[in-house]
Every structure is written in structure tokens, then in C-alpha cells.
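Biologist: Could you walk me through this model, starting with the sheet and ending with a few side chains?

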Amino acid sequence: MLEIRMHGIGGQGIVTGGEILANAYLLSGKNMSVMPSYGVERRGSPVTAYGRVSDKYIREKCMTYEPEILIIFDASQVHRPEVYKGFVHGGIIIACGNDP
């Protein structure tokens, strides 16, 4: 099972991005579950979305603790140590956005 974690700022579409990614995997014949975490639920606050991809049915509906893929939507999140917590050695980081 592949674990993915997405980090960004409220209002950037992190939750929507997770749903789009899930639909893309579903269309390719994979199973994916996505779970967002909003924090204080307002624009400008850190937002995280967790996802799992598998060929089999996914029962887990919780955070990912050892992601193989990190997607960082905002450069302000790159320097936060909690973004990298549990990140698997040799994994993939996709970072986008402008440096604040």
C-alpha cells in the first residue's frame, strides 16, 4: 500500500487536490482513500490531507504515518519539521509554490 501526505495552507485546494488525485487513481483501476485534516479550519492555516493507494480494498481511514510521497503545495511548509515526520527514506517529495 502506497501512503501519500499533502501539506499546504487553507484555501489552496489541498482537500480538493486529494479528491482529484483519488479520482485519478480510481480511473486507473486502483483504490484510494483520502482523509483531510483542517486544524483551526480557516484560510491561511496549515492543512494536511492523507491518502492511501492500493490494488486491494483500503480499510484504514486515518492519518498516514509513514508516507512514501509528500506533496507540499506551499513553500512556507517546506521548513516545518512536522511535514517530514515519518517520511520514508528514498521516498518522493513534490514541492510547488513560491518562497515566502
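Modeller: Happy to! This is a predicted model, in which local features need pLDDT of at least 70 and side-chain atom pairs count only at pLDDT 80 or more, while totals for chains, interfaces and linings use all residues. Residues are numbered from 1 along each chain as its sequence is written, and side-chain values use heavy atoms, with hydrogens and water left out.

Biologist: Thanks! In what order do the strands of the open sheet come?

Modeller: Strands are DSSP runs (E, at least two residues), as helices are (H or I, at least four), numbered from the N terminus. Two strands pair if DSSP finds at least two bridges between them. The open sheet has 5 strands with mixed pairing, and their order is S2-S3-S1-S4-S5.

Biologist: Which strands does helix H1 touch, and what angle does its direction make with that of S2?

Modeller: Contact means heavy atoms within 4.5 Å, and axes are lines fitted to C-alpha atoms, for helices over the stretch in contact, with angles from 0 to 180 degrees between N-to-C directions. Helix H1 (residues 14–27) packs on the sheet and touches strand S1 (2–9), S2, S3 and strand S4 (69–72). Its direction and that of S2 make an angle of about 175 degrees.

Biologist: How many bridges join S1 to S3, and how many join S1 to S4?

Modeller: S1 and S3 run antiparallel, with Arg-5 opposite Tyr-50 and Ile-4 opposite Gly-51. S1 and S4 run parallel, and there Met-6 stands opposite Ile-71. The counts are 8 bridges for S1 to S3 and 4 for S1 to S4.

Biologist: And in which sense do S2 and S3 pair?

Modeller: Ser-37 stands opposite Thr-48, and Pro-36 opposite Ala-49. S2 and strand S3 (residues 46–54) are joined over 7 bridges, and the sense is antiparallel.

Biologist: Why is S3 described as largely enclosed by the rest of the structure?

Modeller: Buried means under 20% relative accessible area, exposed over 50%, and partly exposed in between (1.4 Å probe, protein chains only). S3 is largely enclosed because its buried residues number 8 of 9.

Biologist: Which residues are closest to the centre of the largest pocket?

Modeller: On a 1 Å grid over the protein atoms alone, a pocket is an open set of points with protein on both sides within 12 Å along at least five of seven lines, and lining residues have an atom within 4 Å of a point. The largest pocket has a volume of about 270 Å³, the space filled by probe spheres set on the points. S3 gives the largest share of its lining, 4 residues. Of the 14 lining residues, the closest to the centre are Arg-5, His-7, Thr-48, Tyr-50 and Glu-82.

Biologist: Which side chains make polar contacts with the side chain of His-7?

Modeller: His-7 lies in strand S1 and counts as buried because its relative accessibility is 5%. A polar contact is a pair of N or O atoms within 3.5 Å; within protein, one must be able to donate a hydrogen and the other to accept it, and residues adjacent in sequence count only if both atoms are side-chain atoms. The partners are the side chains of Arg-5 (3.0 Å) and Thr-48 (3.5 Å).

Biologist: Which backbone oxygens lie 2.8 Å from a polar atom of the side chain of Arg-52?

Modeller: Arg-52 is found in strand S3 and is buried, with a relative accessible area of 4%. Among the residues it touches are Met-1, Glu-3, Ser-33 and Glu-60. The backbone oxygens at 2.8 Å belong to Cys-62 and Met-63.

Biologist: Last one: is Lys-61 buried or exposed?

Modeller: Lys-61 is found in the loop between S3 and S4. A polar atom of its side chain lies 3.1 Å from the backbone oxygen of Ile-58, and Lys-61 touches Ser-33 and Met-35, not counting residues up to four places away in sequence. With a relative accessible area of 54%, Lys-61 is exposed.

Methods:
On a 1 Å grid over the protein atoms alone, a cavity is a set of points where a 1.4 Å probe fits but cannot get out, and a pocket is an open set with protein on both sides within 12 Å along at least five of seven lines; lining residues have an atom within 4 Å of a point.
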